[in-house]
Amino acid sequence: MRSIDIHDHVKGRSIYLDDIPLIQGTLFARVFTSNVAHGRIIKLDISKARDLEGVHKVLISSDITGINQIGGIIDDEPLMAENIVDFIGMPIALVLADSESIARKACKLIDCKIEAFEEITDPRIAYEKGALIIPSKKFILGDTESTWSSCSHIFEGKADINGQEHLYIETQGAYAQPVEGGKIKVYSSTQGPTAVQRAIAKVTGMEMHSIEVDVTRIGGGFGGKEDQANAWAALCALGTHITGRPVKYSLSREEDIYMTGKRHPYSADFKIGFDNKLKILAYEVTFFQNAGAAADLSPAVLERTLFHCTNAYFIPNVIAIAHCCKTNLPPNTAFRGFGGPQGMFVIECAIAIAAPKLNCKASDIQKANLITTGDVFPYGQLAESEAETSWQQFEDRFDLKKMQQDVDQFNKENIHLKKGLAVQPICFGISFTKTLMNQARSLVHIYTDGSVGITTGAVEMGQGVNTKIAQVAAHIFSLPIDKIRIYSTNTTRIANTSPSAASATADLNGKATLMACEAIKERLKKVVISIADTKEQNSDIEIRDGLVFLDSLETKITWQELISKAFEQRVSLSEHAHYATPDVHFDWSKGKGHPFSYHVYGTSVTQVTVDCIRGNYEIDFVKVVHDYGQSMNPMIDLGQIEGGIVQGIGWMTCEDVFYDEKGKLRSNALSTYKIPDIYAAPKEIDIIPLITDKENLAILQSKAVGEPPLMYGLGTYFAIENAIQSFNPAVPCRMNAPYTPEKVLLALYGSKDL
Ligand code: LUZ
Ligand code: MOS
């Protein structure tokens, strides 16, 4: 089944924030921001801006009616700077004007002087200076210390991995409108309507029941709108609260790129020990996370880095330490994978460095160490593993040996073109690592004409969650999909939502929908029995082609008749259901628990061709065996996998977030920040589903697919590295992603300053 949004998308009829008709009297917002990464405001004169014709108001931090605080996990993030500025792009003043262009002009008239302090941009320097956002976190499994002496081979190294700009097609934005009685309705491009509602309540001083947040859909989020949509919505709502006028702020691409946080860059040190059969006996890793100037979601991201630091491998002795380092950059935030990919990159670096010295391929090490069912992860959860099954199926489908021989042959015959191959197993835990977030609600109405309307806490961001939820209802009621409507996500219909994140949205909201539909169906069954003249109490009902079947026998009752009858009998045709993922828990004081409802596995291989004169490269193919469970929508899942792979490739290759030493973003436009285009995409993507029929907690056994495929992209880095090695084996492995063509060129000729 296709996505239910496809037709409107293609015809340009889908509604995004900027498609909402403007109401009269709307003011346009724009923030004036710091141009210094760290310092003290010594002068702030807004009079010229305020006096500009068409400017309604200029607000600064002292105008905030509630508290000047939008921190999600820790209260460390002011909405507007009071005194100290912590990053370039930090809001200082908010202009409200009759048009966007007047607001832009007014910002230029604000006179602000900032006394600059020393800035920190490097997480290791932040760590040395003790600039940590939270106390460091640690996982321990077994005992590394006593294991080193029994290792036949030990390798140590350092790995660096850069950030990533979300580049959702729809930029951040919000539109606040006054409602009678001093209430406010806010349209926001957010993954987390409740997070927005809470932030507005804090900043305005209003109660949450006076704030309605509504999201029809958003034009991509990738984690960038899990928490960072809050600021713009809070600014608009504050403007409305103070002026009584509608306020809209839709960020330009330029503003969005320089003001919002990105994927976290990490630097890491590792030490890995092997026995003489390629088994990894011990692994020690220390992560330095570049969190930026405020906590945002960094502590949770840091935790997921630890959870995924051994990827799909079983390692009996592990110490993993992670530091959340405070720097003077925009606060970094959630991004597809949420710290997991960074954790996985480092273990893959360790394996890649070890392989040539152990005289084998990285894939030999990977294969020898795959986690199996019953093995324990460093955080105490026992694996229900598909790592070996996916690898096995992968070898059955693709001839890895032959691929390697072809590459070797090609490299023998070519001097200036070299191919590289890399296998990439993945393992990703599904559930919010913060247990309380694993809950969701669904509100299902059947109207008296038999049509169905559903609201959940899920935000449609192009990932197809609305289609999956409609499928769940269609499945339970056995109705055609066009009888089902999914409404906007709205805090007055569904309260206290978790953000649409962690790959868990379809599972959580789908399960709640399943429960609501089942409850209504249970009541309808009684109605059928009452009119179909049977004594059978356990009869199953089903609707086929609009007719009700009782225990597979046709009753001649139509769905419409059944609904009318139910209404006549005053049976409730609505249900609000609540789902909480069973059995998930985690105890941070011990670093142990069962944080994930299940894991998603898979195995990929990537082949690249590097032009060793120019340093550029092409991706020949990515071939994957991916663990679907039982896909409820293969087309949507395929789209997620392809998109994830390309986004992962971009992160590993051409996308290079660059802040200069003053903390100024230099890759601040699409001319300087390169995302993959069609030429950068693999020439061939081959995705083989691994279908399993094991019980799991996924919705209709259809495993979460949002984030895991991104991590197949990691293989690109190592495929490029392997190609470089075959051009110039004297080059030391350096683990510093992304491999931009510039860096590849430097590496090919042995440059030290990679
Ligand atoms: N967001 C979050 C996430 O708040 N907690 C998580 O564990 C998570 N995981 C992946 C993506 N977003
Ligand atoms: Mo996310 S990184 O699942 O918002």
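Some conventions first. Residues are numbered from 1 along each chain as its sequence is written, and chains are lettered from A and ligands numbered from 1 in the order in which they are written. In this predicted model, local features need pLDDT of at least 70, side-chain atom pairs count only at pLDDT 80 or more, and totals for chains, interfaces and linings use all residues, while side-chain values use heavy atoms, with hydrogens and water left out. Helices (H or I, at least four residues) and strands (E, at least two) are DSSP runs, numbered from the N terminus.

I start with the sheets. Two strands count as paired if DSSP finds at least two bridges between them. One open sheet has 4 strands, ordered β16-β27-β28-β29, with mixed pairing. Its edge strands, each pairing on one side only, are β16 (417–430) and β29 (685–691). On average, and with direction ignored, neighbouring strands here are turned by 15° against each other. For angles, axes are lines fitted to C-alpha atoms, for helices over the stretch in contact, and the values run from 0 to 180 degrees between N-to-C directions. Strand β27 (residues 598–611) runs antiparallel to β16, and 14 bridges join the two. One of the bridge pairs is Ile430 with Tyr598 in β27.

Two helices lie across strands of that sheet. Helix α12 (residues 400–413) lies across β16, β27 and β28 (617–629), at about 150° to β16. Helix α17 also lies across β16, β27 and β28, running at about 155° to β16. Contact here means heavy atoms within 4.5 Å.

Helix α17 (residues 714–727) also packs on helix α9 (residues 340–357), at an angle of about 25° and with the axes 10 Å apart. That angle makes α9 roughly parallel to α17; angles under 35 degrees count as roughly parallel, over 145 as roughly antiparallel, 65 to 115 as roughly perpendicular and the rest as oblique. From α9, Pro341, Met344, Phe345, Glu348, Cys349 and Ala352 meet Leu714, Tyr717 and Phe718 of α17. By class, this contact of α9 with α17 has 8 nonpolar residues, no polar ones and 1 charged. Ala, Val, Leu, Ile, Met, Phe, Trp, Tyr, Cys and Pro count as nonpolar, Asp, Glu, Lys and Arg as charged, and the others, Gly among them, as polar.

Strand β2 (residues 39–45) pairs with β4 over 2 bridges, and Arg40 stands opposite Ile84 in β4.

On salt bridges, the structure holds 36. The term means a side-chain nitrogen of Lys or Arg within 4 Å of a carboxyl oxygen of Asp or Glu. One of them joins Glu255 to Arg30, with the closest N and O atoms 3.4 Å apart. This pair links distant parts of the chain, 225 residues apart: Glu255 is in helix α7 (residues 253–259) and Arg30 in strand β1 (residues 27–33).

Last, two backbone details. Ala737 and Pro738 are joined by a cis peptide bond, with omega about 5°, and Pro738 sits in the loop between β30 (735–737) and α18 (741–748). Asn496, a residue other than glycine, has a positive phi near 55°; Asn496 lies in the loop between β20 (489–490) and α14 (505–532).
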